[in-house]
Amino acid sequence: MQYKRKLIDHLIVELEATYETALTAAKRAHSTATDKANVAENKYDTLALEAAYLAEGQAKRASECHTDLDAIRNLTAVDYTHKDAIAVGALVRLIDQHEKSLLLFLAPVSGGLKFVFEQRAIVVITQSSPLGKQLLGKFVDDEFEFGSGQHKKDYLISDIA
């Protein structure tokens, strides 16, 4: 349980940094949008309008980052065993047909985030992602195909924590 708690705490630190970056970008965009130096000089001068759209988008991004952060903060650290089905909160190791290992953390939010924890690269996926949907309910030693065409890979679920 302690390892999983540390992993979640590390993920929280990563998401806090992302949130701070988004918040800074939102403040900067808002400042640009409201700066008197950016008042339109004619109908073709759209700098202030563009800055306002950017500020709105950055504020929305910061809000989404905050929501993701809250969701991860509320995530319970559960240790899974080889007998458990994969569910949200599981750390899953996949091995592909080339013996390449992939470590995934199935989280409720922040899919696509990549980070290094204790010298191991981890990718966050969500249960609504195509790979997350494939993994939900599967067990250690289950095999499955993922992808299509020349990007199709065979995977073995080698571990769950």
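Let's start with I95, which touches K100, S101, D154, Y155, L156 and S158, leaving out residues up to four places away in sequence; contact here means heavy atoms within 4.5 Å. Before going further, keep in mind that this is a predicted model, where local features need pLDDT of at least 70, side-chain atom pairs count only at pLDDT 80 or more, and totals for chains, interfaces and linings use all residues. Residues are numbered from 1 along each chain as its sequence is written, and side-chain values use heavy atoms, with hydrogens and water left out.

So where does I95 sit? You'll find I95 in strand β1, residues 91-96. Helices (H or I, at least four residues) and strands (E, at least two) are DSSP runs, numbered from the N terminus. I95 has a relative accessible area of 17%, so I95 is buried. Buried means under 20% relative accessible area, exposed over 50%, and partly exposed in between, with a 1.4 Å probe and protein chains only. Five of the six residues of β1 are buried.

Now look at the partners of β1. Strand β2 (residues 101-107) pairs with β1 in the antiparallel sense over five bridges; two strands pair if DSSP finds at least two bridges between them. Within this pairing, L94 has L102 of β2 as its bridge partner. The hairpin of β1 and β2 has four residues between the strands, and E99 takes a positive phi there, near 65 degrees. Strand β6 (residues 153-160) also runs antiparallel to β1, joined by five bridges, and here R93 stands opposite D159.

At 0% relative accessibility, L7 counts as buried. Setting aside neighbours within four places in sequence, L7 is in contact with L91, F105, F117 and I122.

Finally, there's the largest pocket, with about 200 Å³ of space. On a 1 Å grid over the protein atoms alone, a pocket is an open set of points where a 1.4 Å probe fits, with protein on both sides within 12 Å along at least five of seven lines; lining residues have an atom within 4 Å of a point. Grid points are joined across faces, edges and corners, and the volume is the space filled by probe spheres set on the points. Among the lining residues are K100, S101, L102 and Y155. Which strand gives the largest share of the lining? That's β2, with three residues.
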